[in-house]
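Notebook open. I wanted to look up ring contacts and one annotated site.

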Amino acid sequence: MTSKDGYSWTKAQGLRAGVPSIGVIEPPSNVKSTDTVYDVIVVGAGYCGLTAARDASLAGLKVLLLEARDRIGGRSWSSNIEGYPYEMGGTWVFWGQANVWREIARYGMQDELEISYDFSRGINKYLLSSPQGTQTFTHEEEDALMQSSLAKLVNVDGCLGKTVVPFPHSGVLTPEARKYDHMSVADRLAEIKNDLTPNERLCAESFVLLCSGGTLETTSFYEFLHWWALSGYSYEGCIDYLVKYKFRGGQSSFAINFFKEALASGNLTYAFNSPVATIQHGGNGVQITTRAGQTYKSTKMICAIPLNVLNDVTFDPPLAPGRKAAATTGHVNQCVKVHAEISDRDLRSFTGISYPHNGLIYGFGDGETPAGNTHVVAFGGQHNHFHPEENLEQTKAAFQGFAPMNIERLVFHNWSKDEFAKGAWFFPAPGLLSTHLKDMRARESNVVFACSDWALGWRSFIDGAIEEGTRAAITVRADFAGRAKL
Ligand code: FAD
């Protein structure tokens, strides 16, 4: 099936909107009666909503899952093109992420992971490109350079940040954490400007921008410390947790299992292509109206809509002021993620930075296509932001910013222009977490708000989405259990 989402380009076919994905659900709805009052309506079929809908339906609740798109997975989905999976959004997972690994084990997918990198052949080099030219390093030198630059960045306490974020899954921001949350990474870099070599500065800045998709000024220094802590306080940990292990069959091969299990419970009704326009809720339950004017009723609701688009839905009563303010501020991540299939086989083993002049900042060989070509994945963000589909020549030129390459295919999803995400993974500007983390997590009468964007641990990750979906289903089940006891 082909999703309306995503783009592909080849010389022969030109630019095409929409790419094939096993995450597209057919038929798009199994709603039989619009008079049913569900126990719970889940809005959003990303990993959070899928987890919540599955857990609630397996617990015996009558669940309706409403999703704006034609597919599951939200910000994590893959397209299979000519037998090769391109990850359009969330990609890498790791066994150190407890929630995601529990699910991988549940679906017996432990042996379906592969490693993105292959340093066994080809040029096998780290290319550090700046306006001054391109320097070439071994991958061992790359690791040493990245570790030394990031260690200087995070070392606010003489312990590589361990005393600032000693419990990375805690929901409490200590006064010290708040202090760093009000600082941007630009502020921190100003503090250590005399400690970094020029190459360390290039590496630190580009790695931070890879994480935040924002600018140095709009990146909360605390949230970077939080990622660092989650990754075991080391650069090696960052690689293991953030960019190394992915599904051989793509993310949609994982997400589909959640959906199938929920459906098999017999308790799941669903409707795709159903953007929700209005959510009315109060003592008598919840009434939801889609943009097409269809109404659905339930006792409880789980709202798994991302922060940056929450204000596009009308809530009655209006959203609580703190949540409304958080959604108005939004998160800053406008990541540009683009795949290129290239005929240069030697580049399978390159990693590279092209900064600060280039549109794509960070790229590397991510796989080998069935044709024997190299698959390169590259990332940009707010820094030199661009829309790939609007200027394909600029997009191809940005790949040449790493090394000369012959591009045969481009594949991407424009997350900035995506009306149901308005950005990529959550990354906060200074102050957002200190001011609004609690607000984002609070429930409002019969509505439980759940999303990776305000998870406690792997916030911004698939793991965080599953953490939140689990929490939401437990909350709603407890509501029903409480009522049954009365
Ligand atoms: P979403 O996936 O955004 O799900 C929300 C759902 O709500 C969507 O399906 C949306 O269509 C729907 N929706 C929105 N508005 C409405 C409406 N009005 N009516 C009905 N439905 C609506 N994470 C990792 O762990 N590893 C990675 O390597 C990684 N890389 C990433 C790369 C990119 C480019 C992106 C974008 C994300 C990446 N992430 C990664 C983050 C991860 O993808 C997300 O954190 C996670 O998928 C979010 O899940 P969610 O269910 O909380 O939200």
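**Ground rules.** I'm working with a predicted model, where local features need pLDDT of at least 70, side-chain atom pairs count only at pLDDT 80 or more, and totals for chains, interfaces and linings use all residues. Residues are numbered from 1 along each chain as its sequence is written, and side-chain values use heavy atoms, with hydrogens and water left out.

**Entry 1: rings.** How many aromatic pairs does the structure hold? I get 30 aromatic pairs. Rings of Phe, Tyr and Trp (its six-membered ring) pair if their centres lie within 6.5 Å; planes under 30 degrees apart are stacked, over 60 edge-to-face, and the rest tilted. I looked up Phe94 and Trp95, which form a tilted pair, 4.4 Å centre to centre with 40 degrees between the planes. Phe94 is buried at 7% relative accessible area, while Trp95 is partly exposed at 44%. For these words I use under 20% relative accessible area for buried, over 50% for exposed and partly exposed in between (1.4 Å probe, protein chains only).

I also looked up Tyr117 and Phe119: their ring centres are 5.5 Å apart and their planes at 45 degrees, so I note this pair as tilted. Tyr117 is buried at 14%, and Phe119 is partly exposed at 35%.

**Entry 2: a cluster.** Which residues do ring pairs link into a cluster? I find Phe94, Trp95, Trp101, Trp227, Tyr241, Tyr245, Phe427, Trp458 and Phe461 in it.

**Entry 3: a charge over a ring.** I see the charged end of Arg323 over the ring of Phe449, 3.5 Å from its centre. The cut-offs are NZ of Lys or CZ of Arg within 6 Å of the ring centre and within 35 degrees of the ring normal.

**Entry 4: annotated site.** The unreviewed UniProt entry has a "binding site" annotation on Glu67, Ala68 and Val276. They span 210 residues in sequence, but no two of their C-alpha atoms are more than 7.9 Å apart, so they gather at one spot. My caveat is that such annotations may be inferred rather than shown by experiment.

Where does Glu67 lie? I place Glu67 in the loop between strand 4 (63-66) and strand 5 (78-81); strands are DSSP runs (E, at least two residues), numbered from the N terminus. Glu67 is buried at 7%. Not counting residues up to four places away in sequence, Glu67 touches residues including Gly44, Ala45, Gly46 and Phe272, where contact means heavy atoms within 4.5 Å.

Ala68 lies in the loop between strand 4 and strand 5 and is buried at 19%. With the sequence neighbours up to four places away left out, I list Asn273, Ser274, Pro275 and Phe420 as touching Ala68.

Key:
Helices (H or I, at least four residues) and strands (E, at least two) are DSSP runs, numbered from the N terminus.
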